[in-house]
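Trainee: Could you take a close look at one part of this model with me? I would like to follow the charged side chains.

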Amino acid sequence: MKPAAGGIHIREDVWELTEWDPTLLWYARAVKGMSARPITDPTSWRYQAAIHDYIRTRDPLAVNGETMPTSADQTKYWRQCQHGSWFFLPWHRGYLAYFEQIVRAEIVRQGGPADWALPYWNYSDDEEPNARLVRKEFLTPTLPDASPNALADASREGPISMVGGAGDFGIDDFDVALDCLEQPTFEAGVGSASFGGPATGFHHNSGPAGDLEAVPHGSVHVGVGGWLGAFNTAGLDPLFWLHHANIDRLWQVWLNRNPAFENPSDAAWLTAVAFAIHDASGQPITFTSQDVLDTRAPSLAYAYEDTSDPLATAGLAAAGGPVTMAGQKPPPTVLAGASHSSVALASDVTTAHVTVDPTVLPTAGAALAGAGPGAGRVYLNLENITGTDNTSSYRVYVNAPEGVSLPKENYAGLLPMFGVEEASDSAALHGGSGLTYVLDITRLVERMKNARTWRDGELKVTFVQKRKGNKVPDLKVGRISLYYS
Amino acid sequence: MLLTLYRFSIGARFAFERLHNPERTLLGLSLLAWLASLLAVTWNEIPVLCISSPTLAARLGAGIDILVQPGRILNEIVAWLTMILAMMFPLLLHPVRHVALRSFRRRRGRAIACFLAGYAGVWLAAGLLASVAMLTIISSSLLTVQIVGAASFTIAAVWQFSRTRRLALRRCHRTVPLVPWGWKADLGCLRFGVTQGRDCLIVCGPAMLAILTAHNVLLCATLAILLFIERGRSDASSFPLAGMLASIAAARSVFVLIG
């Protein structure tokens, strides 16, 4: 555990910690302490999880007859998670920061160090061979003193196998890819991709997810599965907080990559929406996006030990293409083609076709008719994905040849089905629109044009399932569409 | 409260700056409809029956007879379309944006027209039924009219908290995949409009019916603003609108009691 420096708590890479490092030991003790509190206590483990989302009939820790927070409190403080929205990152940052303070307060109450900070799980670290594994401290049933280990007290889909005590949940390179860091634009328009998500108000409905929210955020949720695999139970898994600490860290990594990569400057993002939560003493407070921009501010007081650019070592500079300057609208997009009907996703491989509208093609501009620097961007939209199977992710390929092994050159992106069940239920808070993902396939189109494998009139889209768990695959893509800007 | 209003104003200004042409057109039509309402106040053109019929069935029959008179039904259609444009169109910014930007540019206008036709059709059908009901009621005694007025606002206020309404409000925020080409594309947009109209009717219908008994443009405008604010969130609080409706119900009840 690194000591706090100047009042700033240092969040460390969990794979840099020694076995049962005090950071993990005290985390386990704090989780146990918080778990003992009633659900009506804002600093209790279950209350903190319910802030993300809560469905009483699906609460695995529900006790018949227990006193619940008032309906007014539940409405104000629970089920607040922001997804498919430009508030995804700032809301989760505030959520994590106040959770961290509550945990630290519990640690201090138990006689532990006031320097404690939430570690992060850097599963994308290519230099750490175990990066994609779950540390043994989250799997072993007991602490070093043989008392029960609260970090392992979670329902998960696995591990598939054990590697030196750590758990392999089958998380692979696709799940932890950092292509999102190359997305230059924070805010999405309709049909276009973005780093942070589309402009919304306070948002429950599952609109298009930003690139970071999709991968690695959604894919790791699906990869571990179990409680972590559903909106309404994700916060119950102690891994959830380490996972989101990494997502939060990647936001800072993105900002550091390129001076042109900026947060929105609109007041509508900065100050127009205030989120209600409780501080470490259980007192109600509110925060806005502006309040959480600087992690070193006194209200947050944390920093990451490493926010260096992981793509710099690969020789990849920050992406080209149109860069939205802070405060400007995302570039307009035009619908260029679509599938004729919905696409039911099979349990292994599914193929669908997208037809480019013949009236659009001649006027499509640089994006579809040409290629190279200065050309527009091309986006593949997977709209209104509905179903209940939140244990699957789908790799998407464009114009891939038939065969068992699909070429990496045709790989477009990954669709994790985290949240699909909640998003598909029209009676639920998330609206029933399902999930919508946008894949930036500009480079893929350029490669195909250079290789003369691009056909102007039609695309073949292939979905390859990666599945865990036993849910029957029942997913359907409402429409596949092609947009250019 | 001031902070809330300030934040709301920021969000509203941002949303307005980001409007696309179809949404601006929608708001423009709404504004024209409000102006027309202020000028014509068509709701006041409710005829008084020459003969007050003793039974409900007889009054209902008389009401229908009035509605189907030449020119009368056209008046009602125009009045309801004006109401839909004025009060309901601003609630459709999000679905109209979805229909517009998820359609090919060359058929964007047609897609929006199909959507609005489906939506307006639902409200028009409901509105004409409401007109028959109103014509039936106003031919009763003044006391009956006042009791019905107070009761309708009370029912509307209580309805704000119903689960059925809450679920319909959530569905209002839903988007659906749109077929891209051909007659199925038109049908899909029409169907989307009908389902949005149905959910809107569930959410707004009781309050609109109550307002119909009041015939007050200021009340209509207040209701429209509260519905617009509520439309912004799928989990919006029911209290502001319920509070307004309950207050009017209370006031009308007092009038009933003092006779």
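Trainee: Which residues does Asp125(A) touch, not counting residues up to four places away in sequence?

Mentor: Happy to walk through it. This is a predicted model, in which local features need pLDDT of at least 70 and side-chain atom pairs count only at pLDDT 80 or more, while totals for chains, interfaces and linings use all residues. Residues are numbered from 1 along each chain as its sequence is written, chains are lettered from A and ligands numbered from 1 in the order in which they are written, and side-chain values use heavy atoms, with hydrogens and water left out.

Now to your residue. Asp125(A) touches Asp13(A), Ala131(A) and Arg132(A), leaving aside residues up to four places away in sequence; contact here means heavy atoms within 4.5 Å. Asp125(A) sits in the loop between α4 (88–109) and β2 (161–163) of chain A, where helices (H or I, at least four residues) and strands (E, at least two) are DSSP runs numbered from the N terminus. Asp125(A) is buried yet has no salt bridge, and the nearest side chain of opposite charge, that of Arg132(A), is 7.5 Å away. Buried means under 20% relative accessible area, exposed over 50% and partly exposed in between, with a 1.4 Å probe and protein chains only. A salt bridge is a side-chain nitrogen of Lys or Arg within 4 Å of a carboxyl oxygen of Asp or Glu. For charge, Lys and Arg count as positive and Asp and Glu as negative, with His and the chain ends not counted.

The whole structure holds 32 salt bridges over all chains. One of them joins Arg46(A) to Asp59(A), with the closest N and O atoms 2.6 Å apart. Arg46(A) lies in helix α2 (residues 45–52) of chain A and Asp59(A) in the loop between α2 and α3 (71–77), so this pair ties together parts that are 13 residues apart in sequence. Arg46(A) counts as buried at 13% relative accessibility, and Asp59(A) is buried at 10%.

Asp175(A) and Lys466(A) form another salt bridge, with 2.3 Å between the closest N and O atoms. Asp175(A) is in the loop between β3 (166–168) and β4 (187–188) of chain A and Lys466(A) in strand β16 (residues 458–467), so the pair links parts that are 291 residues apart in sequence. Both Asp175(A) and Lys466(A) are buried.

Within helix α4 of chain A, Glu100(A) and Arg104(A) lie 4 residues apart, about one turn of the helix. Their side chains meet in a salt bridge (3.5 Å, N to O), and both residues are buried.
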